[in-house]
Amino acid sequence: MDLLIKPITKLNSVVSIPGDKSISHRSVMIGAIADGVTDIQNFLPGEDCLSTVRCIRQLGIEVNEITPSHLQVIGKRSTGWQEPENLLDVGNSGTTIRLLAGLLAGQDFFSILTGDDSIRKRPMARVAEPLRQMGAQVWGRHEGRYAPLAIRGGNLKGIHYTTPVASAQIKSALLLAGLFAQGETVVTEPAPSRDHTEKMLQAFGAYIETNGLTVVVKPSSLTARPIIVPGDISSAAFFLVAGAIIPGSSITVKNAGLNPTRTGILDVLAEMGARITIANEQESSGELMGDITVEGRALKGVVIAGDLIPRLIDEIPVLAVAGTVAEGHTIIKDAAELKVKESNRLNAIATELNRFGADIQESNDGLIIKGQRRFNGAVCNSYNDHRIAMACALMGLVASGQTIVKGAECIDISFPGFEQVLNSLRND
Ligand code: S3P
């Protein structure tokens, strides 16, 4: 599908965004190992989270769809999951394959996880290896490093593990496996990654303790509880950046998640010169949320590096758009993880934004962006990567003429309805 974008000169809008992808995945998976019915409101009915629901159903768990964004999961901690009769297909979803690998490592049966072309190229040794250390049998292509992954779980023992990269997917896989292991499981990471798993497990009554960069989990019984999923700050990011890059604009995104492990984008936009305000802050199931307003002003280039990277890991493509219109250089470092996301995002975003007349060079672990003033609409590719497609669409808002994003159907992975929200900006 082609997405057609025309430039826009000023924005003054209030928008709503769908539920958080990370929290939606976790609500179904954790609900499935809890006792009782987990009622989930504002669930993200995006392709990735629907893959999680399909896999969980194949494991013998009932998931009732009251509406597409209101689910009820009938948990089976006490009676257990069933061995799936067929392959578990995670589609494009890294969170589904890695977190589910952790849960399946704890189950006394055989299962196979697979996914699309992109998933089968993404590194899986990062979860397979520590799960083997815990006692699970995990096989995969290329000496166990790539999906499909075959898992024979059960009889786990807790381990102390230091992750090689700050990754919530690795940390969460091990914490979820740790619920089924003997003794405690201790995970230490090099920098803080998103902590939604810890927060939700705690809310469901698990024994979980965080001390700096280390998290400890012990086998625990979980009790279902209702979840209201906050709006996804990673989806909000596209509209926050839209407000920031068009001087004189103001955009408010309602009910966006404000978990501090995810709000790096707000810190960066403020440092670049945008005015950010937060209103109606509240807590829901241990997660902060609120309305974020961004007022656009002339932006200046910044350095984005170090511990900030995991706090905005999924926002780097859209921050590259902000860097492109900012005065001076924006340097992104310590972001080599972007090469192993849904696409090689460093290469994809540099290649695609340069089609508009941007000046972006790839480095070995980031981007060097020289801000420009004038851009021409372009025909760009999505690489079948939702965040690349949406970042290109955003660039089209500040480029003259028309922009076409090819392969834009992948946007449904995380943001069904993106085009409608984008079009609504023109009517306000
Ligand atoms: C996610 C963690 C991040 C992020 C991904 C979602 C999660 O991946 O990029 O979109 O839900 O745990 P990594 O853990 O690989 O950094």
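A polar contact is a pair of N or O atoms within 3.5 Å; within protein, one atom must be able to donate a hydrogen and the other to accept it, and residues adjacent in sequence count only if both atoms are side-chain atoms. The model is predicted, local features need pLDDT of at least 70, side-chain atom pairs count only at pLDDT 80 or more, and totals for chains, interfaces and linings use all residues. Residues are numbered from 1 along each chain as its sequence is written, and side-chain values use heavy atoms, with hydrogens and water left out.

**View 1. Polar side-chain atoms at the ligand.** In the side chain of Lys 341, an N or O atom is 2.7 Å from an oxygen atom of the ligand. For Asp 314, a side-chain N or O atom is likewise 2.7 Å from a ligand oxygen. Thr 95 places a polar side-chain atom 3.3 Å from an oxygen atom of the ligand. Of the 390 Å² of accessible area that the ligand has on its own, the protein covers 96% (Shrake-Rupley method, 1.4 Å probe).

**View 2. The shell around the ligand.** Residues around the ligand (a heavy atom within 4 Å) include Ser 22, Arg 26, Arg 98, Gln 169, Arg 194 and Ile 313. The shell divides into six charged, four polar and two nonpolar residues (charged: Asp, Glu, Lys and Arg; nonpolar: Ala, Val, Leu, Ile, Met, Phe, Trp, Tyr, Cys and Pro; polar: the others, Gly among them).

**View 3. Helices at the ligand.** At least two shell residues come from each of α1 (21-32), α3 (94-105) and α6 (168-178) (DSSP runs of H or I, at least four residues, numbered from the N terminus). The most, three residues, come from α1.
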